[in-house]
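Please look at the sequence and the model before reading on.

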Amino acid sequence: MQKDQIISIVAANMKDFHQKDCSGHDWFHIERVHHLAKEISQTETNADSFIVELAALLHDRYDKKLVASVESERQFVKNYLADFSIDEPTINAILQAIDSVSFSKGQNNPQALSLEAKIVQDADRLDAIGAIGIARTFAFAGSFHEPIYLGEKRSNHLDKDVPATAIGHFYDKLLRLKDFMHTKKAKEIAQSRQDFMETFLKEFYQEWNR
């Protein structure tokens with residue numbers, strides 16, 4: 001089977017898997033990350049686009065926020081890829097990229113990441129910031145029964161003893177993502193999205209405190 005056929009089949013399967021999600025991890029998120037990863041990959045000469053595209057499409061398939069057992073779902077993905085007769089080194093590279101996507105893992109040791117993992121991680125992070133990122137933050141908070149805001153004072157992610165809120169998530173994660181981008185293209189895209197989030201927060205506080 002040709003690589004583009006495999007990518008098309010995986011995309012269709014992931015559309016079915018994610019279509020009912022209301023937490024910001026729906027098919028449209030997967031599709032945007034896929035497109036962003038392809039765009040970034042085209043600017044990185046040595047990137048393996050097949051690994052990048054499959055990792056982007058599958059990056060939330062065994063996310064701990066979405067599945068009951070990460071271990072069993074990861075094994076499912078490994079077997080799923082093997083059914084396409086993809087060789088083991090390529091499967092391992094795809095899984096390694098998926099394993100590295102999360103913010104908590106990705107900020108630890110970027111030197112250990114493959115180029116493909118960095119690209120997919122950047123693409124996923126880009127979809128977590130800017131206008132789309134703001135919308136996804138409130139969708140996620142609502143899905144997990146977290147309030148929009150409780151009037152807490154936040155300045156950065158080091159603030160302690162603060163409630164979990166949608167606005168708090170900006171300080172815990174979103175406002176920090178720009179500085180964790182790996183690729184030149186992602187850094188360029190991230191700046192305008194960062195500016196938009198900062199403008200949004202300024203307006204939010206002005207309206208909240210009227």
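Which side chains meet in a salt bridge at 3.7 Å, N to O? They are the side chains of Glu39 and Lys185, where a salt bridge is a side-chain nitrogen of Lys or Arg within 4 Å of a carboxyl oxygen of Asp or Glu.

This is a predicted model, in which local features need pLDDT of at least 70, side-chain atom pairs count only at pLDDT 80 or more, and totals for chains, interfaces and linings use all residues. Residues are numbered from 1 along each chain as its sequence is written, and side-chain values use heavy atoms, with hydrogens and water left out.

**Domains and their interface**

- The protein is divided into domain 1 (1–104) and domain 2 (129–209), with bounds that come from an automatic or database domain assignment.
- The centres of domain 1 and domain 2, taken over C-alpha atoms, are 25 Å apart.
- In domain 1, 13 residues are in contact with 17 residues of domain 2; contact means heavy atoms within 4.5 Å.
- The size of an interface is often given as the accessible area lost when the parts come together.
- Between domain 1 and domain 2 the buried area is about 1,200 Å², of which carbon and sulfur atoms give 70%; this is the accessible area (1.4 Å probe) that two parts lose on being put together, summed over both.
- One salt bridge is found across the interface of domain 1 and domain 2.
- On the side of domain 1 that touches domain 2, the largest share, five residues, comes from H2; helices are DSSP runs (H or I, at least four residues), numbered from the N terminus.

**The nonpolar core**

- The largest nonpolar core holds 55 residues, and Val10, Leu54, Leu81, Leu126 and Phe170 touch the most other members.
- Such a core is a set of buried Ala, Val, Leu, Ile, Met, Phe, Trp, Tyr and Cys residues joined through side-chain atoms within 4.5 Å.
- Helices that each supply at least two residues of this core include H1 (3–18), H2 (27–41), H3 (49–58) and H10 (184–208).
- H3 gives the largest share of this core, eight residues.
- Domain 1 and domain 2 each contribute at least three residues to this core.
- Not counting residues up to four places away in sequence, Leu126 touches Leu36, Ile40, Met181, Ala186, Ile189, Ala190 and Arg193.

- Arg61 is found in the loop between H3 and H4, and Arg61 is buried, with a relative accessible area of 8%.
- Buried means under 20% relative accessible area, exposed over 50%, and partly exposed in between (1.4 Å probe, protein chains only).
- The side chains of Arg61 and Glu73 are joined by a polar contact of 2.7 Å; a polar contact is a pair of N or O atoms within 3.5 Å, and within protein one must be able to donate a hydrogen and the other to accept it, while residues adjacent in sequence count only if both atoms are side-chain atoms.
- Asp124 lies in helix H7 and counts as buried at 13% relative accessibility.
- Leaving out residues up to four places away in sequence, Asp124 touches His29, Val33, His59 and Val101.

**Positive phi in loops**

- Most residues other than glycine have a negative phi.
- Ser85 has a positive phi near 65 degrees; Ser85 is in the loop between H4 and H5 and is exposed at 68% relative accessible area.
- His145 has a positive phi near 60 degrees; His145 is in the loop between helix H8 (130–143) and H9 and is exposed at 73% relative accessible area.
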